[in-house]
Amino acid sequence: MPAPPQARPEVESLQAYSAPLEGRRGLLRLDFNENTVGPSPKVVEAIRAIPADHYAIYPEYDGLREAVLASLADMAGAIVAAADSTAPVPAVAPAVAPAVAPAIRADGVPALATVPLPQQPTRRPSLRIEQVGLFNGVDAAIHAVFQAYGAPGDRLLTTSPTFGYYTPCARMQGMVIEAIPYRMPGFAFPFEEILAALTTPPAEADESWRPPRLLLLCNPNNPTGTRLAPEVVLALAAAAPHTLVVVDELYEAFTGDSVLPLLLAPGGRPDPEGQKPGDASVRAAGAAAAPETASPETAALPTAAGADPFAAYPNLLVLRSLSKTAGIAGLRIGFAIGAAAVVDRVSRVTGPYDINSFAVTAAFAALADQPYVDAYVAEVLAARQWLVERLVAAGVRHHVDGGNYLLIWPQRPAVEVDQALREAGILVRSMAGKPLIDGSLRVSLGTLEQMGRFWEAFARCDARPA
């Protein structure tokens, strides 16, 4: 029998990204960082109301980008309309970034310059529909980014450990992967190393050296939870104008570290109290992770010019999803927000009907019911606090930061505890073999009732006092 045709060499040698997705229904799902209770009743009602004859019609997307923009505008509406011209702003300008590296605070957060902010226009920047791309989940958006911008020999710069899908996407394009580990202890962001990789050729480099083609940042990072202040993201984008900086913000709702409020505020600066209105715990957490002060020699960050929030950052792309908070992971829909030219290029490599009609209907309904999402996020944050208190009291090694998940190191082998929990009807995710976190379990956070059930089972499986 003749052999089948071979695929491209990059594909023949590729190990596909796979996850244990089968047999999960009916179990307590604390393994994939999904919403653990399901979508808003309004989403369910909207899907049930789809007429049967509409199943035969190709999906239509009119109005969905506008709905995304309206949701983001509501978020930006909580930001103070004008900022004091003398307030400090963190900074690293492209012209000085290679020469002036910010100091690193004791907690690992880069300390950037504090300088007076020049007078900025009071008109709030606004996004346009061509700055929003629609995708069959953020995984499809990530894949499209690599298809549009990755070529053989190009470099992907990212951190380690991080979301596992970045690696196969880079390898299928023949890219070189440079993954810089988080700093221990505490999984601090390796700012100086990332900045150097973006801007400084290694000693052995010749004149052919080019900066990385892509910088992928998961913020908060999955699985370590490492949080990166939005000012630092913008500083990296400003320092590397020839690198596409992609910020994966799937978990931002739980900690409020998005760059979008910063870009959508007048003059490019949000009210420090305004990232998550009404959520004091998130505001406090955001303040704790924000950069402080550094060298006065650095210049101010570029800010949004005129009405385009991405005018100063045309190399920045932000990814968002409705999977982790709105509870529609099974329907697959994600968004990419950035400069119109970048969104256009990434969208060119997708199909015309990649998002099905059910996902479109669900997205409209989910975006229209923000109070449901806010209530779920508040419940998860309360459950996180409750669980952490029990971990501390029982002396369980753990790490918790951003996102709707945490890492736990059981005293028994992780594979045994993982299996015992599965037998108890609870799914968690083993981090076996992952750098820096081998031997841990990543546990998604759900409701207080669900985390009570997890803790009772974990304490029993790991011989801990409940």
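## The nonpolar core

Of the 125 residues in the largest nonpolar core, those that touch the most other members are Leu316, Leu317, Leu421 and Phe454. Such a core is a set of buried Ala, Val, Leu, Ile, Met, Phe, Trp, Tyr and Cys residues joined through side-chain atoms within 4.5 Å, where buried means under 20% relative accessible area with a 1.4 Å probe and protein chains only. Helix H12 (residues 370-394) gives the most to this core, contributing 10 residues; helices (H or I, at least four residues) and strands (E, at least two) are DSSP runs, numbered from the N terminus.

Leaving aside neighbours within four places in sequence, Leu316 is in contact (heavy atoms within 4.5 Å) with residues including Val233, Leu244, Phe310 and Ile337.

## How the model is read

This is a predicted model, in which local features need pLDDT of at least 70 and side-chain atom pairs count only at pLDDT 80 or more, while totals for chains, interfaces and linings use all residues. Residues are numbered from 1 along each chain as its sequence is written, and side-chain values use heavy atoms, with hydrogens and water left out.

## Strand E7 and its partners

Strand E7 (residues 155-160) is mostly covered, with 6 of its 6 residues buried. Over 6 bridges, E7 pairs in the parallel sense with strand E8 (residues 176-181), two strands being paired if DSSP finds at least two bridges between them, and Thr158 stands opposite Ala179 in E8.

E7 also pairs in the parallel sense with strand E9 (residues 214-218), over 2 bridges, and in E9 the bridge partner of Leu156 is Leu214.

Methods. Buried means under 20% relative accessible area, exposed over 50%, partly exposed in between (1.4 Å probe, protein chains only).
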